[in-house]
Amino acid sequence: MKPSPPLRPFARARAALAAVAGALGASLLLSGANAQDPTAQAPSVQLSAGIHLIHAELADNDPARARGLMFRTSLAPNHGMLFVFGAADTHCMWMRNTLIPLSVAFLDADGTVVNIEEMAPRTDQSHCARRPVRYALEMSGQWFGQHGVHAGSVLQGVAQAR
């Protein structure tokens, strides 16, 4: 078998560009797959409610807020999602395509709980803040009541999410 002839300078450059384009294309495909993967790692922040530590994924842009916790079949203990809104308003949440029951705490700018709502899975019923808020924290159903968190409680670490 004869060795292949050496590549001409332009052929080498073309081969290098093809390799880079292939790697870039694969990278874009993988990042696109992760954007659709509900279990892909999102940025997160650690919060605390008294002695209870909370690992909260951040939903701080429109696509992340729209996706929320849809299609998840479970949440790890003390895990949830912190929705960060651009401005304080009477934001509302619903549970379309959300498969597990959730509790949502609406929080003002300093992390004070304004109100908590229990949300049933797979519904379009709106659950709204009682006054303008900057954040909403979704946790497993009944989590806030089971951990002694109620309207007026202050969650620490919310300022990290700004």
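How many residues lie between β1 and β2 in the hairpin that they form, and which residue in the turn has a positive phi? Two residues lie between these strands, and the turn residue with the positive phi, about 65 degrees, is Gly50. The model is predicted, so local features need pLDDT of at least 70 and side-chain atom pairs count only at pLDDT 80 or more, while totals for chains, interfaces and linings use all residues. Residues are numbered from 1 along each chain as its sequence is written, and side-chain values use heavy atoms, with hydrogens and water left out.

The protein has three helices and eight strands. Helices (H or I, at least four residues) and strands (E, at least two) are DSSP runs, numbered from the N terminus. In that direction the order of elements is α-β-β-α-β-β-β-β-β-β-α.

Strand β1 covers residues 44–49 and strand β2 covers residues 52–59; the two pair in the antiparallel sense over six bridges. Two strands count as paired if DSSP finds at least two bridges between them. Within this pairing, Gln46 has His55 of β2 as its bridge partner, and Leu47 stands opposite Ile54 in β2.

Strand β2 also pairs with strand β3 (residues 79–89), here in the parallel sense and over five bridges. In this pairing Glu57 stands opposite Met81 in β3. Further along, β5 and strand β8 (residues 133–140) run antiparallel and are joined by six bridges. Val104 stands opposite Glu138 in β8.

These pairings belong to an open sheet of six strands in the order β1-β2-β3-β8-β5-β6, with mixed pairing. Its edge strands are β1 and β6 (113–119), each of which pairs on one side only. From one strand to the next the twist averages 30 degrees; axes are lines fitted to C-alpha atoms, for helices over the stretch in contact, and angles run from 0 to 180 degrees between N-to-C directions. In a regular strand the side chains alternate between the two faces of the sheet.

The loop between β4 (92–93) and β5 (102–107) holds Thr98. Thr98 counts as buried because its relative accessible area is 4%, where buried means under 20%, exposed over 50% and partly exposed in between (1.4 Å probe, protein chains only). Not counting residues up to four places away in sequence, Thr98 touches Leu69, Met70, Phe71, Pro121 and Arg122. A contact means heavy atoms within 4.5 Å.

What does a search of the whole structure find in the way of aromatic pairs? It finds one. Trp143 and Phe144 form this pair, which is edge-to-face, at 5.3 Å centre to centre and 85 degrees between the planes. Rings of Phe, Tyr and Trp (its six-membered ring) pair if their centres lie within 6.5 Å; planes under 30 degrees apart count as stacked, over 60 as edge-to-face and the rest as tilted. Trp143 counts as buried because its relative accessibility is 5%, and Phe144 counts as buried because its value is 0%.

Some totals complete the picture. Of the 162 residues, 35% count as buried. Among contacts with a separation of 6 or more, 67% join residues 24 or more positions apart. The protein exposes about 9,600 Å², of which carbon and sulfur atoms supply 59%. Accessible areas come from the Shrake-Rupley method with a 1.4 Å probe; for residues, only the protein chains shown count as cover.
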